[in-house]
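I opened my notebook to look up the annotated site in this model. My entries follow the display.

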Amino acid sequence: MPRFAANLTMMFNEVPFLDRFKAASEAGFTAVEFLFPYEHSPQEVAEKAKTAGVQIVLFNMPAGNWAAAERGITGLPGREQEFRDGVEKALLYAEHLGVSRLHAMAGIAPAGADPAACRATLIANLKYAAQKLAARDITLLLEAINTRDMPGFLVCTQKDAHSICEAVGAANLKMQMDLYHMQVMEGDLATSLRRYASQCGHIQIAGCPERHEPDTGEVCYEYLFRVIDEIGYPGWLGCEYRPAGKTTDGLGWYRAAQH
């Protein structure tokens, strides 16, 4: 049976971030993930997770100026030193938080950017990060994100992500397969899960097309959960969705999946 991690960036927004660890635990989750912890000290975040009794399974490396609509810098030429500084910062947090997976967002291509230069930068930065993370026994993740939500994102299909991972050639670089993004861009979810099972390092879920609870929209997660068991995926399913209302009111799907 799949194991679910609440995404604290999107879920439990009824309370401040540091209070969401307790809220997730009280709702029955034993694991959480989130985009960024950097507004708080690693000690603060670690204490909240410990007190709530939840495991932190994933967060993102620094992704540039989020407020200015940057969505990662891994593939942006000229930002290499900033990326490397971000790797060190993420590793500091990972050490305190006991996290074994870190996601490096590829980024949105700047206007006029050379696609070949962006790809070369992405590969070089991922090679650097993978080597740094391997020394700490941490898996590096690369996610394909749909271009409806993020126009110009550098990696937008599972084929793209797999190709980049192959070019990097690091054993600890895996694909982060977000089924919501996959449905928007490609569909054929079960086939992709089976095709890339050996390269899959993390899975995330959400309803599609609205990105609400997984039991809403056009995707049959009841079936996909069986596929995920079938392929032997050992990790967590990150619940990266926007609740349609109060988070706890929409958890009927989660309770049903426990049986």
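Which residues does Glu-143 touch, not counting residues up to four places away in sequence? I found His-103, Phe-153, Val-155, Gln-176, Asp-178, His-181, Gln-204 and Glu-240. Contact here means heavy atoms within 4.5 Å.

I noted the ground rules. This is a predicted model, where local features need pLDDT of at least 70 and side-chain atom pairs count only at pLDDT 80 or more, while totals for chains, interfaces and linings use all residues. Residues are numbered from 1 along each chain as its sequence is written, and side-chain values use heavy atoms, with hydrogens and water left out.

I checked the record. UniProt, in an unreviewed entry, lists Glu-143 and Glu-240 under "active site". They span 98 residues in sequence, yet no two of their C-alpha atoms are more than 13.1 Å apart, so they gather at one spot. Such annotations may be inferred rather than shown by experiment.

I looked at Glu-143. It sits in strand β5, residues 139-143 (strands are DSSP runs of E, at least two residues, numbered from the N terminus). Glu-143 is buried at 3% relative accessibility (buried means under 20% relative accessible area, with a 1.4 Å probe and protein chains only). Its side chain makes a polar contact of 3.3 Å with the side chain of Gln-176 (a pair of N or O atoms within 3.5 Å, one able to donate a hydrogen and the other to accept it).

I turned to Glu-240. It lies in the loop between β8 (236-239) and α9 (252-257) (helices are DSSP runs of H or I, at least four residues). Glu-240 is buried, with a relative accessible area of 7%. The side chains of Glu-240 and Arg-211 are joined by a polar contact of 3.0 Å.

Definitions and conventions. Buried < 20%, exposed > 50% of the residue type's maximum accessible area, 1.4 Å probe, protein only.
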